[in-house]
Each structure stands twice: as structure tokens, then as C-alpha cells.
Amino acid sequence: MNKPFTAVKPLVLLALMAWVVAPVLSACQSAAAPTADRASQTNLTVSVLPLAYFAERVGGDWVSVNVMVGPGEEPHTYEPTPEQMKAISDSAAFFSIGVEYEDVWLPRLAETNPDMVIIDASNGIERIPVPTAVAEVGVQPEGKEDANYDHEEEGGLDPHVWLSPENGKIIAENILNGLIGIDPGHETAFRSNYEALIADIDALDAQIRETLAGDANRSFMVFHPAWGYFAQQYDLQQIAVQVGGQDPSASELAQLVDLAREKGISAIFVSPAINAASAEAVAQEIGGSVVMVDPLAEDWLENLNEAATAFSKSFGE
Ligand SMILES: [Zn+2]
């Protein structure tokens, strides 16, 4: 694995440690006293809501977490509010995850607060290509009739890296190392919080395997293809209604309906932030239902568990 801690400005980091560590040493010497007052907490900003879960689990009472892309917002099109830009100026660190808005905004956030350390929480995760609905199952999308069609052409790599337990472990480790870097005085507490989180992720993984154990048919249909990493870890097939971020054409929709019938799929999964009218259309055609699964839920652990149950229920016999 690559080095999990990326300090954008090492000199700034040293300066930062001076003011983070000094008050921390005087105020809270012992990791056994878990209640930190606000003044001794390190302010962090995280890119998307599920990262807040990791930062809070590992940082415990020693961190105060501000979130950029909040509940119901869509990281592909998101822009920070003026209040969030203000919160950035108080943050000791920013944990990024590699969603689209960061490309444009990270340099601006760094300019707003040059002392803020920017840490890539996805460091070490191998990104997979964005799946396109029909390419995944061997049917060419419209206008892409080339036999060598490769879905990587469709728009690069899948940004939804946080949606699998194995990637969750990598994120947890990156957050652990990031926190130790900015607040080394609480390394012991961070490490024990991290160990507890890893144990919970292992238990989650076992639970998901049990949920999916009896399922021979392992195809599920989603509107927005956010669950590729989850599908990869559990040997599932994600079929996406959206193609390259676009609604499907009428003939693609017809292909999806055929495919759903053929696989016995009984639900189309949608996420709260995305208008998914064509998911309704497919669901009606197959006599199935539209079911919400949120790729950005804050309770990351419970959310993955619920997603596994929902996917399993939707599989054909
Ligand atoms: Zn997405």
C-alpha cells in the first residue's frame, strides 16, 4: 500500500502541529479522560458525509467534524456554501475522497486556508472503471456498437470508493494516519478507536456474507451506478439504468426491462439526491418497485448492512 498520509504542505504541517499540540498537552494529557472540551478538539472538514463517520469513529471526542457534501446533496454537481468556506478557514485538515467537485474546489479550499493539511482518504484504493448499464452485461450502448467497446471510454473511474467494507478499512487507516499526523498527542486513543472500528467492519463483512450466502442470482439494478465496489467485493453484478451520467434512451430502456425480466429482478434502487424518473419506468414495466439506497448515508456501517439486505431481497430466484 502507498504511504497513507499525504501532507500537501509539510512545513505548514509543522507549524500546525505547534499550535495543535501545545494546547492539547496542557489540557488533556491522558487518553483515559475521553471528554474533551471544544477548545481542545481539532477541527476537521470531510468531503462527503460517510467520511464523517470514519473521522468521528477514529477521532472520537478529540475531533470536531465539518462536512462539505451534506445529507441529500450530490457530490457530482456540488458547490460549497459561503458558511462552509468559513468552516474551512478553521479546519486543521481536509479529508478528500476523490469525488468530482474536489477537482475544482480543492485548490480553492487550500487557498482559503493555506495552513490546512489536505489528506486523501482514498489513498491506496484501486479505482475501478465506471460501469455502464449495458456494457456490463454484454449489450452495447446505443451509438457504441463497436465490438471492442470498453466502458472506460464512458467517463473514467468510479468515484464511489467508500461503498465497500474492504475500502472502508483503507479509509479508516488513512484517517488514522492523518489524525496522528496532525494530533500526535492522541495517537493511543486514535489507535484504539481505529481497532474497534476495524473489528466492527469485520463483523459487518461477515454479516453481509451471511445475508448474501444463499443467493445464486446476484444481479441488482440501480439508477445511478454507485455500488460497483460493493458488487466487486461480494461477487454481485450491478446493472445501471444511467449510462454515462445520462438517462437511457427509449431502446436502452427497453433493453433494461428485458434484462430485469430475464434476471428476475424485482426492484430498482435509487438514491435520494438524484431524480430517477426512468427508474420508475423500468419498475412499472417489470411490476417491481423503486427502493431507496443512499450512497451518502452518514451511518456508513449500518447503511452497507441495509444495502446488502435490500439487494438480496431484489435478486431473482
Ligand atoms: Zn454518485
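**Exercise 1. Find which residues of helix H2 meet which residues of helix H6, and describe how the two helices pack.**

Arg57, Val58 and Gly59 in H2 meet Phe190, Asn193, Tyr194 and Leu197 in H6, where two residues are in contact if their C-beta atoms, placed from the backbone, lie within 7 Å. The model is a predicted one, in which local features need pLDDT of at least 70 and side-chain atom pairs count only at pLDDT 80 or more, while totals for chains, interfaces and linings use all residues. Residues are numbered from 1 along each chain as its sequence is written.

Next, sort these residues by kind: the contact of H2 with H6 divides into four nonpolar, two polar and one charged (Ala, Val, Leu, Ile, Met, Phe, Trp, Tyr, Cys and Pro count as nonpolar, Asp, Glu, Lys and Arg as charged, and the others, Gly among them, as polar).

Then take the geometry: H2 (residues 49-59) and H6 (residues 187-212) pack at an angle of about 125 degrees, with their axes 7 Å apart. Axes are lines fitted to C-alpha atoms, for helices over the stretch in contact, and angles run from 0 to 180 degrees between N-to-C directions. H2 and H6 are therefore oblique to each other (angles under 35 degrees count as roughly parallel, over 145 as roughly antiparallel, 65 to 115 as roughly perpendicular and the rest as oblique).

**Exercise 2. Determine how H6 lies against helix H10.**

Begin with the angle, which is about 5 degrees between H6 and H10 (residues 300-314), with the axes 9 Å apart. That makes H6 roughly parallel to H10. On the H6 side the contact includes Asp200, Leu204 and Gln207, and on the H10 side it includes Leu301, Leu304 and Asn305.

**Exercise 3. Decide how far H2 is enclosed, and name what covers it.**

Ten of the eleven residues of H2 are buried, so this helix is largely enclosed by the rest of the structure; a residue is buried if 20 or more other C-beta atoms lie within 10 Å of its own, exposed if 12 or fewer, and partly exposed in between, with C-beta atoms placed from the backbone. Among the buried residues are Leu49, Tyr53 and Phe54. The cover includes strand E1 (42-48), strand E2 (63-69), strand E3 (93-96), helix H5 (165-182), H6 and H10; helices (H or I, at least four residues) and strands (E, at least two) are DSSP runs, numbered from the N terminus. After H2 comes Gly60, whose phi is positive, near 55 degrees.
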